[in-house]
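Hello,

Here is the structure I promised to hand over. My notes follow it.

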Amino acid sequence: MSLIDEKDQVRTEEMLLNLGPQHPSTHGVLRLLVKINGETITDVEPVIGYLHRGTEKLAEDLQYTQIIPYTDRLDYLAAMLNNYALCHTIEQAMDLEVPERAEYLRVIVMEMQRVASHLMFIGAYLLDLGAMSPFLYVFADREQIVQLFNEICGARLTYNYMRVGGVKWDAPPGWLEKVADFVQYLKQKFHMYDELITGNEIFLARTRGIGRFDTETALAYGLSGINLRSTGYPWDLRRKKPYSIYDRFDFDIPVGQNGDCFDRYYLHLLEIKESLRIVEQALKSIPSSGPVLGKVPKMIRVPAGEYYSGIEGARGELGFYIVSEGKDKPYRLKIRKPSFINLQLLPELLRGQSIANVIAILGAVDIVLGEVDA
Amino acid sequence: MWDWRSQPLTVPSVIAMLIGAVVILLLALGVVTYTIYVQRRILGWMQLRIGPNRVGPLGLFQTIADVLKLLIKEDVVPAKADRALFMLAPIIAFVPSFTVMAVIPFSAHNVFTANLGIGVLFYLALSAITIHGVMLAGWASNNKYALIGGMRSAAQMLSYEIPLGLSLVGVVLMAGSLNLNDIVLAQQHAGLWNVIPQILGFIVFLIASTAELNRTPFDLPEAESELVAGYHVEYTGFRFAFFMLTEYMYLFAMAGLCATLFLGGWSGPLLPGWLWFAIKVFLYIFFQFWLQATLPRFRVDQLMTFSWKVLLPLALVNLVLTGVVKAIW
C-alpha cells in the first residue's frame, strides 16, 4: 500500500482556454480552443470561418474579370499575387499571349508585393513576441511599397490591377525609377533589421528549436512555401514549375536547416533579399514601351474542361482550379489556399508544448485569416 | 527648519505630517503624469512616429485627459467576480507603492522624508505587499487570462525580489547603514558613487528591478500578445487607473532607489540637490523606455531560469566579494 492515498493527491483539472477570435495575436479572427493541463497543452482545436464570405460560391455567378477584385480580399497582404494566380490560370486555359511589358510589370509588382507581405510578417511576428518597434519600422518601409502601388493602380490594399491577358494600367512616367530607388533604399535597411532582430539573444532564445517539424511531416500535411522550405526542402514553384518570365532571372531559393520558428523568420528576411534581386533585374530588362494588355476576346470564355495552375504565393502554393462549361462564368472555382493548408499542422505542432510557446509557434506558421476563411 | 518628524504626536505635528503626505502624493502624481507623457513621446520618437501632440501645447495635457476619461468611465464588476476582493485588490496594490516614497531622500534637506534607520528594508518589505494586490486581482476577476497573468506576476516578482534584495546588501555593506540618507552621505564622503565599486551589484539591480517593475523584456504578467492584458484584464475605469498608477509610481520609486543607492542620490557638484536627484531619476526612467522600444519579451520559464541560475549566483558573488574587500580594508 502506498503511503499517499489516491484521494489525498492534489487534484488537477484540465483547463479549457479560449484563444480568440478577438485575441490580439491570432492575426484576425482565428479561434483556438486550447486544452491545458498545468502549463502543458494537451489538445488544440482551431475554429475557423469567422471571416467566411463564400468567395468560391460567389465566383460561380461572376464573369471571369469580375472575380479578380474578389481575389484581392483573400490574402489581403498579397493581393497582387492573388490577382496573378487567377489571371494566370485563365490565360493558361485560354492559351493567351501576354505582352512582354505586361509580364515585366507583373513580375515587378508581384515581387514587391512579396517583399511587403514578408515585411509585414516580420513586424507582426516580433509584435507577437513582445517587441513593438520592428512592427512600426516595417510599416514605414511597407508604406513606400503601398504608395508605389497606389501610383500604379490607385489602390493601397485591394489593387485589382491585373487583367486576363495583361495588366490594367501601364506604369506612370518615373514610376520605374522610383521602384529602383526603393530597392536601393531597402537593401541598405537590411542591415538594421538583421542587427535589431536576428542579433537579439532574447529573440533567438524564444524561436530557436521551437515549433520544429521535419520534411516528411511537412510533405504529409501538404505544406508549401516557407513552412516547407524551412525544413530544408528547396521547393519553390518559381523554379520548379516556372511560370511568367521567372526563368529569365537569376535568384536563389533560401532553405532552412532545422524547420524551427527561427528558420521560418530568417527565410522571410532572406526571401526579401531575393525578391529585391528579381525586381532589380526586371527593371534592367523591361521593354521601354509596348502594350500592357494582350489581344483578349471581348467576352472571356474559358473552353470547357478543368484547369489548375499554381504559383508561388507569399505563403505557399496558391492555386486556382477552374471547372468550366465553356460559358463566361466558371461552373466551379476552387482555390488552393496556402494559409488554410498550412494551418492544418498547428494542432500537431502545439500538442505537448508549453502554453508560453503558443503565440511564437502560431505567429511563425504565418496565416492570413482572409485566406483561411475565404 | 522645524523638524516635524521628531515631534511627539500632537495636533500640529499630525497636521504637518498630513500636509507632508499630501505634498508628496501630489508631487508623485505630477511626476507619474508626465512620466507617461514622456514615455509616449520617447517611444514615438524611437518608433518613427510623433506621439501625443493634440491635447494642449505639444500634447502636454494628454495624460490628464486620459485620467479624466478613466474617471468618468463606467465601473464594471464582472458578475461572477469575487466582489469584495475585486474592489480591494487595486487598493492593496497601490497603497504600498505610495508608502515607499516616504523613505526616498529627494534632496539634501530631505524635506518630507522619513529618516528611517531601516530604509532599504522598509522599501523591500512594503513593495512585496503589492504582489498580493496583483495576485488577488487575478484571482478575484474570475477570468482565466487574469488568473494566469496574476500567477505569473506573483512567481516573477517573488523570484526577482531575492536577487534584487541581495544586490542591495552590497551597497548596505559599503555604507554600513540601512538608512538611505546615510548611504547617500557615505557616497558623498567617499567621493565615489557606488556604481563603480558595486558595478556587479548595479547590473544585477538594473535587471532585477526591471523585472520587479514588470517592464520589457520582463513584461510577461501583462503580455498583451499572449494574455491580452494579464491580471487587470477585467478592470475598467478608475480601478484600472489604480493599477497603472501603481506601476508608474513604482517606476518612479525604483528610479529614486537606483539613484540613491548607486548614483549618489542628491549629491553632485554645482546644481542643487533636488535637480541632481531629478536628473538621475530621469536617466533610469529613460533607460526603461529605451529597453521597451528595443527588446522582445522573455518566455516565462526562461525568465525563472534566468533569475535563479544567473542573477542569484551573481548577486551572491557580489555579496561575498564586497564582504571580503570590506574585511581586508
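In strand 7 of chain A, L318(A) is the bridge partner of I311(A). Strand 7 covers residues 317-324 and is joined to strand 6 of chain A by eight bridges, the two running antiparallel. Strands here are DSSP runs of E with at least two residues, helices are runs of H or I with at least four, and both are numbered from the N terminus. Two strands pair if DSSP finds at least two bridges between them.

Before the rest, the ground rules. This is a predicted model: local features need pLDDT of at least 70, side-chain atom pairs count only at pLDDT 80 or more, and totals for chains, interfaces and linings use all residues. Residues are numbered from 1 along each chain as its sequence is written, while chains are lettered from A and ligands numbered from 1 in the order in which they are written.

Back to the sheet. It is open, has three strands in the order 6-7-8 (chain A), and pairs antiparallel. Its edge strands are strand 6 (305-312) and strand 8 (332-336) of chain A, each pairing on one side only. On average, neighbouring strands are turned by 10° against each other, direction ignored. Helix 3 (residues 79-94) of chain A lies across strand 6 and strand 7 of chain A, at about 140° to strand 6. Axes are lines fitted to C-alpha atoms, for helices over the stretch in contact, and angles run from 0 to 180 degrees between N-to-C directions.

Look at G319(A), in strand 7 of chain A. G319(A) counts as buried because it has 21 C-beta neighbours inside 10 Å. The cut-offs: buried is 20 or more other C-beta atoms within 10 Å of the residue's own, exposed is 12 or fewer, partly exposed is in between, with C-beta atoms placed from the backbone. Leaving out residues up to four places away in sequence, G319(A) touches A85(A), Y308(A), S309(A), G310(A) and R336(A). Contact requires C-beta atoms, placed from the backbone, within 7 Å. The C-alpha atoms of G319(A) and Y308(A) are separated by 6.8 Å, with the residues 11 apart along the chain.

Chain A as a whole has 15 helices and eight strands. Of its 374 residues, 49% count as buried. Its C-alpha trace spans about 90 × 50 × 35 Å along the principal axes.

Finally, the interface: 24 residues of chain A are in contact with 23 residues of chain B. Elements of chain A giving two or more residues to that side are strand 1 (15-19), helix 4 (100-128), helix 5 (133-153) and helix 7 (201-207).

Best wishes

Note on methods
Two residues are in contact if their C-beta atoms, placed from the backbone, lie within 7 Å.
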